[in-house]
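Dear colleague,

Please find below the sequence and structure that I am handing over to you. My findings follow directly after them.

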Amino acid sequence: MMARTTIAAATLVAAAAVAAGAAVPSPRRPVTDPKSLVSSANAAAAPIPLADLVLTRSIGSATWSADGKRLFLVTNFTGRQNIWRVDAGGSWPVQMTQSDESQGDLAASADGKLLYFGQDKGGDELHDIYAVPTGGGAVVNVTNTPDSDEQGLLAGAGGLAFGAKRKTEGQVNLAIIDKATGKVRLLTDEKDPQWRWGPVEWVDGGRALIANRVFTSGSEAQVWRVSVADGAATLLSAVKGKSITASGASADGRTIAATSNAETGQARAGLFDVASGKWRWLATTPWEQEAVALSPDGRRMLVRDNVDGRSSLALVDVATLAVTPVGLPEGLNATAAVQPFTPDSKALLVLHAGADTPSELLVADLAAGRARPLTQMAMASLDPANLAKSQVVTYKSFDGTLISAVVTMPFNLKRDGSNPAIVVPHGGPTGQTQDSFNRTSAALASRGYVVIAPNFRGSTGYGEAFQAANFKDLGGGDLKDTLAAKDFLVASGYVDAARVGITGGSYGGFMTLMAIGKAPDAFAAAVQLFGIINWRTMYRDQDAALQAYQRSLLGRPDEFKGVYEAASPMTFIRATKAPLLTLQGENDIRVPRGQAQEVADVLKAKGNVVETVFYPAEGHGFRKRENQSDSLQRTIDWFDKYLKAAK
């Protein structure tokens, strides 16, 4: 990640380019003709029952057992994110844990006896580390540190490593469970709240760790080797103002798989030889590419290519750099495990999803060159043949900048300019909408709404300059990119400009609020979920780590008062005309309840249509099935009332 001064320098260049009327650079691609959008005929298409969507199980963290014969995964079979176990060849799932709290961050001990996992309380983001016997048994709180957060678990020959953050601090230190005392022992002593350490791989028989040291915004990162005995840290690779992140290492620590934007400004995968200090890079690509993992035998590197929101996986021969694609369907192809390779390096755990395919786990046999399904998470009623299809499109924004978006197109629409539509800005802002299954988009599209999810400036996946282009301009150029998404749909001939809504969560909620305040005539209805409402008060109330991240986007509030004022929905909210539904977790540490209440109070006082719902024991996002169901139902009902009734 980039140092704060370097971020500012990079974005000042981008800002100057925009001010001069130049487009923000990103990979070249053709502009899509809106008229090329087509709504196909399908007599069997029908609204998806919302209960079936909510009952389609999610896939969280996963990990192989030490011998590779079993897989542990987090899913919500019971309506709660708990841990289950299946045989590697496929079997009926066995429940390992039961809790109302969400669990994740799985790591199986090297001796095969314990499964470690993380769990917080009511979404408070202060995770403790727990352990359960791999054969089943009582759950034990290993760390029991109510004032600290432990995440990024990595089990191996040396025991258990992770990142540890005190509640009152922003920095994350590298830590282990000390074998002698059973207590948390910090290996690093980071002083700067803008940096966080995380383990990558145990090496040298468990005597050392390969670790990343990452700046809070992700713009600068370094690779280190840390001694377990005394915490002595050796810098292996770093470039000032650039990102180099390790994702795997050989058992002897001599070869490291990593991703860097140092040479081209775009993420690129490579192999680093520690002894010589030399890199071997894969061929240059204009699109985002990342090293995902190194196989336990050290012979293969797994690489993920993200081409305009669609991702593919490939195996790279460590000796020759020969690339062999992993044969998978189009859409989102990723991994759910920190180490996706089986311990014998013969198979690979893959997560696949598409607009018409909910997330599933597949096992790819590397010798046979084919993948087989391991899970069946979707309800039988969710037949891909009858689910709306997606298309990645590109349009030009106000300054000529190319913006990509995922359009989910309903069946059986007439191109008569009468149909409703929804714009869905993503969270982050350092994130990206991928061509994957989205419960809300699927529900809306099956009910006749054209859905577009833009990857506005500030999104990841399109290069360093594009990601930095909304620095100190949140809700500025990126909002104009989002408004242009509506224009694209209207130009298709399918959509009625007076029947377009907007919805999003977190930063997407912020964009929703900015849109209805700064462009009050653009949208006829809005649903915002836990969106940022006042950056200044949020900075005051949030923890040090989130403060550091906010500084990387906006600077310090006392230094950049005008920037904060321009980026606050409260500055514009009184101009709002659209009916607004707000959905919020009671325990959200990122966007406190009071922010949502503040908006509701202002809009009610001026006579607007506004409704606000608070979900108890939920944080930044809804994990409990009944709250997921309620929020989805309210979202659909809101848009049906204010968009479909608008003729």
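I begin with Lys624, which counts as buried because its relative accessibility is 11%, under the 20% cut-off. Please bear in mind throughout that this is a predicted model. Lys624 sits in the loop that runs between β36 (610-615) and α11 (625-644). Its C-alpha atom is separated by 7.9 Å from that of Gln81, although the two residues are 543 apart along the chain. Once neighbours within four places in sequence are set aside, the contacts of Lys624 are Gly79, Arg80, Asp100, Ala617 and Glu618.

Lys624 also belongs to the lining of the largest cavity, together with Asp100, Glu101, Ser102, Gly122, Gly123, Ala617, Glu618, Gly619 and Arg623. What is the volume of the largest cavity? The computed value is about 60 Å³. The structure holds one cavity of 30 Å³ or more. Sorted by class, the lining of the largest cavity comprises five charged, four polar and one nonpolar residue.

The second largest pocket has another make-up. Its volume is about 750 Å³, and 36 residues line it. Those that lie nearest its centre are Ala155, Gly156, Glu201, Pro296 and Gln339. At least two lining residues are supplied by each of the strands β1 (59-64), β5 (103-108), β9, β13 (195-203), β17 (244-249) and β21 (288-294). By class, the lining of the second largest pocket divides into 23 nonpolar, twelve polar and one charged residue.

Turning to the nonpolar cores, the largest has 62 residues, and Ile452, Leu489 and Trp535 touch the most other members. Helix α6 (residues 507-518) contributes the largest share of this core, with seven residues. Which residues does Leu489 touch, not counting those up to four places away in sequence? They are Leu37, Val407, Ala421, Val450, Ile452, Tyr494 and Val495. There is also a second, separate core of 31 residues, which includes Ala443, Tyr449, Phe639 and Leu643.

Some details of the backbone may also be of use to you. A cis peptide bond, with omega about 10°, joins Gly428 and Pro429. Pro429 is placed in the loop between β31 (419-423) and α3 (439-446).

Positive phi values in residues other than glycine occur at Asn144, where phi is near 50°, and at Phe530, where phi is near 40°. Is each of these two residues buried or exposed? Asn144 is exposed, because its relative accessible area of 54% is over the 50% cut-off. Phe530 counts as buried, because its relative accessibility of 12% is under 20%. Asn144 is found in the loop between β8 (140-141) and β9 (148-156), while Phe530 lies in the loop between β34 (525-529) and α7 (535-541).

Finally, a word on confidence. The protein chain averages a pLDDT of 92, and 96% of the residues score at least 70. Over residues 1-20, however, pLDDT stays under 50. For this stretch the model has 47 contacts beyond four places in sequence. Where pLDDT is low, predicted coordinates should not be read in detail.

With kind regards

Technical notes
Residues are numbered from 1 along each chain as its sequence is written. This is a predicted model: local features need pLDDT of at least 70, side-chain atom pairs count only at pLDDT 80 or more; totals for chains, interfaces and linings use all residues. Side-chain values use heavy atoms; hydrogens and water are left out. Helices (H or I, at least four residues) and strands (E, at least two) are DSSP runs, numbered from the N terminus. Buried means under 20% relative accessible area, exposed over 50%, partly exposed in between (1.4 Å probe, protein chains only). A nonpolar core is a set of buried Ala, Val, Leu, Ile, Met, Phe, Trp, Tyr and Cys residues joined through side-chain atoms within 4.5 Å. Contact means heavy atoms within 4.5 Å. On a 1 Å grid over the protein atoms alone, a cavity is a set of points where a 1.4 Å probe fits but cannot get out, and a pocket is an open set with protein on both sides within 12 Å along at least five of seven lines; lining residues have an atom within 4 Å of a point. Grid points are joined across faces, edges and corners, and a volume is the space filled by probe spheres set on the points. Ala, Val, Leu, Ile, Met, Phe, Trp, Tyr, Cys and Pro count as nonpolar, Asp, Glu, Lys and Arg as charged, and the others, Gly among them, as polar. pLDDT is the predictor's confidence in each residue, from 0 to 100.
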